[in-house]
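Dear colleague,

Please find below the structure that I am handing over to you. My findings follow directly after it.

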Amino acid sequence: MNYHSTRDIQQTATTRKAVEHGLAMDGGLFVPEKIELLPSSFWNNLQDMTYPEIAWTVMHPFFCEGLSHSSFQRIIDRVCTIPIPLSEYEDRTIVELFHGPTMAFKDIGATWMAALLGEYQQEADQDLHVLVATSGDTGGAVAAAFYQIEGIRVTILYPQNRVSLFQEQQMAGLGGNIRAIAVDGTFDDCQSLVKTAFQDQDLRRCLRMTSANSINIARWIPQCLPYIEAIRQSRIHQEPCTFVVPCGNLGNLSAGLLAQALGLPVSNWVASSNANDCFVRYLQNGIWSPKPTVHTLASAMDVGLPNNMERIHYLNGSTWNHSKDRIKGLSVSDKEIASTILQVFQQYGLKIDPHTATAWYALDKVVHHVGARPMIMGTAHSSKFDETIHSILGLPHYKAAEIKYAANKRKTMMNDFAWFKEMLLSEP
Ligand SMILES: *Cc1c(COP(=O)(O)O)cnc(C)c1O
């Protein structure tokens, strides 16, 4: 399969080039050149398939290029070690995307990408540098997925003091081929440092670099699998369902729209955001006006300028009308997140994390009439955000001793591209 830029269909790349470059040369995001409906026999027989069979069938056209049958099977085996169970609560289902190594949904895409690049590296003679900007969860997921993969070095930039100590531990605690650096700035600053690095001629000449952000097709495309797996398990495929998705950089939601383009039966999409409401405002008024990122309880969704909007435009044919008819959006304040966490705990004895809480709240507010059972994409395990949740619930919180360790090992840097470039060149 070839890919082309969201900005120019003439800017094409093979699968491998698209994965290794991350971003198209014109700064656009890669999208598949062909998105075809999976045959109706696939959708009709979903219930008789296993998750690995689904993963194979759906992903093979996108990623098979240049890989042997056994290489591809190794990738499938690795990604399918992360189970995706459903849990039921009266009128709704939670799709639990948080059973990977770092207990957040980004593990699914990161594991796929690491397995894929690991297979590519088998025949490479130069190390590959993976550069990542993260608001918290991506970094941990990428660190866990790439740890000890031969021939790959990972550099993670995250905003200083904007991630939890637990997240910092997951990124900075591994060492080895994983380097994590706290930047004196926001997530958007981290992201622009990484973007600038990819466009820098000297760096491009000296290093083989790739991005592991959700913009990379190797992370983005596999994120459509959980939607299909959820439909298989819920056995409600006769009736189109509603998916409620907590949104930040819009990777998860746009992967869901990709699954729909492959034939996933969906009647409604609900996009929940935190106070960073750029996409939600766009759905309301058709105006795209990013604002600076604000810090919220759902910190992994603190994105002022969601990159994957270009893919949503592409998949929705660029029209606002089409987007606003398909997707309902709601921005959820910290106060509403906290009251939702409290209410769900009181009602079900269930702890939900602040990101999933935005979706829970949005479902109550936005969807008045839904045909089939609504499915909430549960993006993180509550224990990742124990500190926040326990203070909302008034429960005691115990800090794990080893967390101090990551804080001690913290590497920091100014929000300065020249410095970042120098570091990449001098200590690759
Ligand atoms: C990254 C993340 C999100 C947002 O996903 P996007 O693909 O960036 O929209 C939501 N919840 C959690 C827990 C996350 O880590």
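Predicted model: local features only at pLDDT ≥ 70, side-chain atom pairs only at ≥ 80, totals over all residues.

The shell around the ligand consists of seven nonpolar, six polar and two charged residues. Of the 15 residues around the ligand, those that come nearest are K106, D137, G248, N249 and T379.

- K106 contributes its side chain, with an N or O atom 2.4 Å from an oxygen atom of the ligand.
- N249 contributes its backbone, where an N or O atom is 2.8 Å from a ligand oxygen atom.
- G251 likewise contributes a backbone N or O atom, at 3.0 Å from an oxygen atom of the ligand.

As for burial, the ligand taken alone exposes 380 Å², and the protein buries 98% of that area.

Confidence of the model

The average pLDDT of the chain is 91, and 95% of the residues score at least 70. Confidence is highest in helix 16, which spans residues 334-348 and has a mean of 98. The lowest confidence in the chain belongs to helix 19, residues 403-408, where the mean is 58.

Yours sincerely

Key:
Residues numbered from 1 in each chain as written. Heavy atoms only, no water. Near = heavy atom within 4 Å. Polar contact = N/O pair within 3.5 Å; in protein donor to acceptor, adjacent residues only side chain to side chain. Areas by Shrake-Rupley, 256 points an atom, 1.4 Å probe, with all protein chains shown as cover. Nonpolar A, V, L, I, M, F, W, Y, C, P; charged D, E, K, R; others polar. pLDDT = per-residue confidence, 0-100. Helix = DSSP H or I, 4+ residues; strand = E, 2+ residues; numbered from the N terminus.
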